[in-house]
Amino acid sequence: MPDRDEPLDLLRELRDVGITPPPAAELRARVASAITEEIERENQPQRRDFNGGSPHRSRAQRVGGPRRRPGFGRLARGLVPAVGVLVVVLVVVLFVGLRGSGPSTTAPGHGPVAPGRGSVKLVYMAEPTALVPHVTTRALERTVQVMQAQVRALGIRSGRLSLSGANEITVVLPDARNTAQAELELGSTAQLLFYDWEANALTPDGKAAATHLQTQDPDAIEISQGSGPLPAGAPGAGSMALYQAVRLAARQPRWSSSANSRITPQYWMFGAPGSAACATAAREEATVPVAGEHCLLAGPEDSVEELDSGLPAGVRSSQGQVLSVPRGWVVLEAIASSFAHPVPVASPNAQFFVLKDDVALRTADITNPQQGTDPNTGTPDITFGFSSKGKSEFQNLTATIARRGALVSGLGQTLNQHFAIALDNQLISVPYIDYKAYPDGITGDDGADLTSGFTVASAHSLAADLQVGALPLSLKLVCVSAPAGPCHSPARP
Amino acid sequence: MESLLSDARILRDSVSDPTIFSSVYERHLVSVASYVARRTGPELSEDLTAEVFARAFRKRSVFRDQHGSALPWLLGIANNVIADQRRAERRRLETLRRLATVRPVSSETSVGVLGPELVGELLRLPDADRDTLLLVVWGELSYAEAATALSVPIGTIRSRVARARRRLAAAIGQPADPEVPIVNGESHA
């Protein structure tokens, strides 16, 4: 009967009268905060922490824990002399430097939190990445897992992690003495990225090197084959000074793809040659401005506001020129010649390449990174395998490179093509594929081996960093405080 | 990127890994918040919704899956939270009644003038009947789900809804304004 539910129908019509639902984000944050309080309450009487060995933590432990890989190291090391392509100079000191601070012993502390007394709370804001364009619960959970592994790797046994809002992760460490080290290590993992080198590297006038090799474009040839004794990817082999590189990248059209390593623009601020701003910045760094060259005042940052807050004391934002590198392009520092003497990004001696941000493989595609010893040289190295997806991507990448090598090599000239491995914003190796020996590319079954340039400690540190895996989300430290105290913005490195 | 795991599985796993409880509230936040807001008004809904999930978190180890979804269970908890706030619910219903008086709920059916009677009767319903009726109408649960939510047999749900519907129908069957045509359809319990 059509009239049967009339009272109920009327009630249904009534139900939304006068209701303005609370904004979803605020509601979510309110509920998340209530749950966090519950979690903390639950933890307190039992003195339980998220990292303390529950069976459900085994996934993170598997990622970060010790492992044995019978035969892998031998296979991987055997591959290197045979293929001759994966010999990588890894400048780990630079890797540490790129995180914005020196070694952990010299890391800045925080005034409000007295070292060594009581516990400390760090609050991180999660932001989307190219692979995870929205902050989802699953991504947050995975991020917490990676951070748990990081906390364990720091030897902190009772750190507590919790989701504390729609996009916030709170870390409570039992001892404020851990703060400086934790700030350095937490929330950032080594982003190892593989690129097809010639297909993505730009010549100084903005052409993709690969498309101009057959016409014998000298800039393209230099990027691909190096210059004299300088191999591909080295400073001087078609590289540019920072300002030229950033300006070139800033002129490129935005290219949005799931293969991007970064989804936001990247902002840089430069001072004009001979400007007062450059003189002030140089004075602060105890250097001398280079005549006729732009100087880096701030950056790279994700926003103009951050750029402003990163300016040297005494320099106003109006004194600088802001360049914005759109999504889809990256500025990578050239391979450093010595890990013992990293070249700071702002140094006038630093050299850079601009690449289309078309990542072929990334940290998530590698497995079992281990610090070992290169049997040929006795020096520390890192071996790793590829995930099943990584294997096929590595094969595809190297096959594409080998085919292009065959295509662009003419009579009497061999133009082997390369792939590039970058760690954060630093090129660490640009190995070539011998297209005659490997016309169909290289199978990823045997993994790969990063050798040379390591100390045991640096290889161990990077391997551990790679082991915990990439963070699905980008994290920004927004608060450092005593657990119940007021929030202080973290000190800038 | 929704979790593919069932609510029951997530709740069970969340006993040892509390962080994954967030998947449950992400899934049901809107439904629970809407239900709470409809019954208690927007001012309190945020706090009360948070309280619903906080209680659910404390009781997560005793969740028993009967419908594949934790929503009936959550709305049952919401009913308990609302029960602690009867005065708030009364205020909300009084507001609804005033709103219904001054503006038609639906101009097409001219039921606006009926609103005050309907809401007034809703206010006079026994709490258990109102809880049951509103779980079905505003919480959009099936009778079986409502039975789970309130931990009573499904027959009890049927009789409570029927009784409440009969009273509401009687209320709107005696309109204040006799010119408004009424179809009183409640002919069976």
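## Basis of the model

Residues are numbered from 1 along each chain as its sequence is written, and chains are lettered from A, with ligands numbered from 1, in the order in which they are written. Because the model is predicted, local features need pLDDT of at least 70 and side-chain atom pairs count only at pLDDT 80 or more, while totals for chains, interfaces and linings use all residues.

## Helices of chain A

Helices (H or I, at least four residues) and strands (E, at least two) are DSSP runs, numbered from the N terminus. Ile221(A) belongs to helix α9 (residues 218-225) of chain A. A residue is buried if 20 or more other C-beta atoms, placed from the backbone, lie within 10 Å of its own; Ile221(A) has 20 and is buried.

In helix α10 (residues 242-250) of chain A, the buried residues are Leu242(A), Ala245(A), Val246(A), Leu248(A) and Ala249(A). Seen down the axis of α10(A), they fall within an arc of 160° (taken from the directions from the helix axis to the C-beta atoms), so they line one face of the helix.

## A helix of chain B

Helix α7 (residues 127-137) of chain B is largely enclosed by the rest of the structure, because 8 of its 11 residues are buried. Among them are Arg130(B), Asp131(B) and Leu134(B).

## Nonpolar cores

A nonpolar core is a set of buried Ala, Val, Leu, Ile, Met, Phe, Trp, Tyr and Cys residues joined through C-beta atoms within 7 Å. The largest has 85 residues, and Ile35(A) and Phe53(B) are among those with the most contacts inside it. A second, separate core of 79 residues includes Ala232(A) and Val315(A).

Note on methods:
Buried ≥ 20, exposed ≤ 12 C-beta atoms within 10 Å, placed from the backbone.
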